[in-house]
Structures are given as C-alpha cells and as structure tokens.
Amino acid sequence: MLLQTRRWRHWTSRLRINREEEATIMAPSRRKHADSCVIPGGFTVLSLKFDCDSVAQHKLFVKEHKVRAEKTSQRPLDRTLFVLNIPPYCPKHVINELFAQFGCVQSVELMDHPGSRPLLDAKLSKFFKPAQKQGFKVGYIVFEKPSSVSAAKSHPHSVPLLVSTEERPIRTGLEKWIHQYNSGFVQPDKLQEVVDSYMRDYDQKKEEEEQQKKKEEEQQQEDEDGWVKVTRGPRGAKARPHSEAANKRTLQKEIRKKKRKELMNFYSWQHKNTQKEHIAELRKKFEEDKQRIALLRAQRKFKPY
C-alpha cells in the first residue's frame, strides 16, 4: 500500500511538470495571436493615435495587395501593402514615416477610392494639377523588401502608431488653417517661370510635330512616273500614303466604286419616270435654243435708220 502511494505521487508530480512545460511553450504563440487582430476579408487592424496624450484611437485596416488584373511595376504584388481608413491628418510624408519602422519605404500613393490612378503628365506643375479632396483615403505602400509587408501585418494591436511626435509635429486647428491660407498664395515670379517653361516645351513639341509632318509629306509625294513611296505602318495595318492629296484620291475612288455597284431603274416605274424626266429636259433645252436663235437673228438684222 505504501509503495502504491509513492508511485501515485511520483506520476502526479511528473504530469504536473509536463503540463507546466506545455503551458510555457504555448504561451508565446497564444500571446502573439492575441496581439494581432485579423478581421474578415484578410485585413489586419492597426491602432493609430494622434499623439502620446490622446485617449481615442483610430483603426487602420491593412493587407497584402494582391490583384491579378493589375500588373504594373508601380505596385509589385509581393511588396505592396494596401491600407484602408487613412485619416485626413495623415499626408504622404506622415504615412511614409509611420510605416518606415517596418522597413524601407519605396513609394506611398494615396487615393480617394481603390483602383488604378488616371495617368497625368509627370511634368505638369502643382499649380495646374487638380486639387485633392479632403477626407479619408486608401493607400498603397510599396516597400523595398517583401518581409516589410509581413512585419506591418504582424504589428501588435495593443501598440498604437503615433502620428504626431516631438520630432514630427502635425499642425491642427487654427495653426493648420493659417498655414493652408498662407501657402495658398502663389508668387507671381514662380508662376511665370512655370508658365514660360511649359510654353517652351509646348512650342518645341509642336515644332517637332510639324517637322515630322513635313518629312512624311515629302516622302509621300509622287514622282515623275506617278509612283508614291509608301512608308511602313504599324503591325497589322495596311500601309498607304498619309498625304491629303492621296486621301482625296482614295475617297473619290471609293465613291466611284460605290456608284458602279448601285442598281439604277430597278423597277419599271422608275424607268418610266426617268424617261419622262429626260424628255422634259430635252423639251426645255429645245425651247431655250429657239429663244437664243431668235435673239441672234434679231441682232443680225440691218437697221439703216
């Protein structure tokens, strides 16, 4: 009996030790799973605070950008992070610095709605670009390494990201409005420089187009034997001269071909009407000729007095 009691105590103590070891091993993974908050749709929730003294928190929803239809070098599928619910007080440079802690950021793109951005002229000045709408944005953050996307998704939900710090203060309220009002004024000399540079580029582009057009017209001119030198067009298109005279000749040729294909006087009543019109035309011409002959005779009559 004493031996059985000792064995029972030994096995219970051994079982207790194994359970404690298992709890210590499983604790980090459970804690890690509890720190990261994943919602339906594959989005990970990140907390955002304006500064360290703020009580309220804002939520960002991030996930890896994977769109098969969109194959562009600006948004590589393995290095792009898609972000929703970006507040208006977070411009591009703030988003860049917030996510730079997960890895080196290559580019940041903020938009009003998800999708591809319409193509704009890269040389266009900020004075001529359309004004951006104020409101919540969606963002595409491109990192230099794919591991940065995983690091951003695994960031603990309990550790919020700070927008405004001592090194990076963000203007709010009256100070922000005053700054926007002052920055809204455009210096005339800077604006004149931008306009002059744009007009120089525009004139140069027009001149190059005129020279190219003249060169093509010279190549498409007919030689003495009536031959036209035809340049090679794009693949799959019929090569033909692009001069104005050649286009007119082609159009007249098509009109003549169309007239030959038309069926004239297909019905009997059409043929009768055509004959009637032709006879009426002949009679009218005969009367006009009679009047002309009578007038000529009257002019030739000799009048001595």
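Buried here means under 20% relative accessible area. By that cut-off, strand β6 is covered on both of its faces. The model is predicted. The chain holds 7 helices and 7 strands, and 18% of its 305 residues count as buried.

**Whole chain**
- The order of elements along the sequence is α-β-β-β-β-α-β-β-α-β-α-α-α-α.
- Take the contacts with a separation of 6 or more: 62% of them join residues 24 or more positions apart.

**Strand β6**
- Strand β6 spans residues 137–143.
- The strand is largely enclosed by the rest of the structure, because 7 of its 7 residues are buried.
- One side carries K137, G139, I141 and F143, and these residues are buried.

**Pairing of β6 with β5**
- Strand β5 covers residues 105–111.
- β5 and β6 run antiparallel, joined by 6 bridges.
- V105 of the pair stands opposite F143 in β6.
- L110 faces G139 of β6.
- β5 itself is mostly covered, with 5 of its 7 residues buried.

**Pairing of β6 with β4**
- Strand β4 runs over residues 80–86.
- 5 bridges link β4 to β6, again in the antiparallel sense.
- T80 has V142 of β6 as its bridge partner.

**T44 in strand β2**
- T44 is part of β2, the strand of residues 43–49.
- Is T44 buried or exposed? Its relative accessible area is 5%, so T44 is buried; the cut-off for buried is under 20%.
- Setting aside residues up to four places away in sequence, T44 touches C37, V38, L60, F61, V62 and K153.

Technical notes: Residues numbered from 1 in each chain as written. Predicted model: local features only at pLDDT ≥ 70, side-chain atom pairs only at ≥ 80, totals over all residues. Heavy atoms only, no water. Buried < 20%, exposed > 50% of the residue type's maximum accessible area, 1.4 Å probe, protein only. Helix = DSSP H or I, 4+ residues; strand = E, 2+ residues; numbered from the N terminus. Pairing = 2+ DSSP bridges. Contact = heavy atoms within 4.5 Å.
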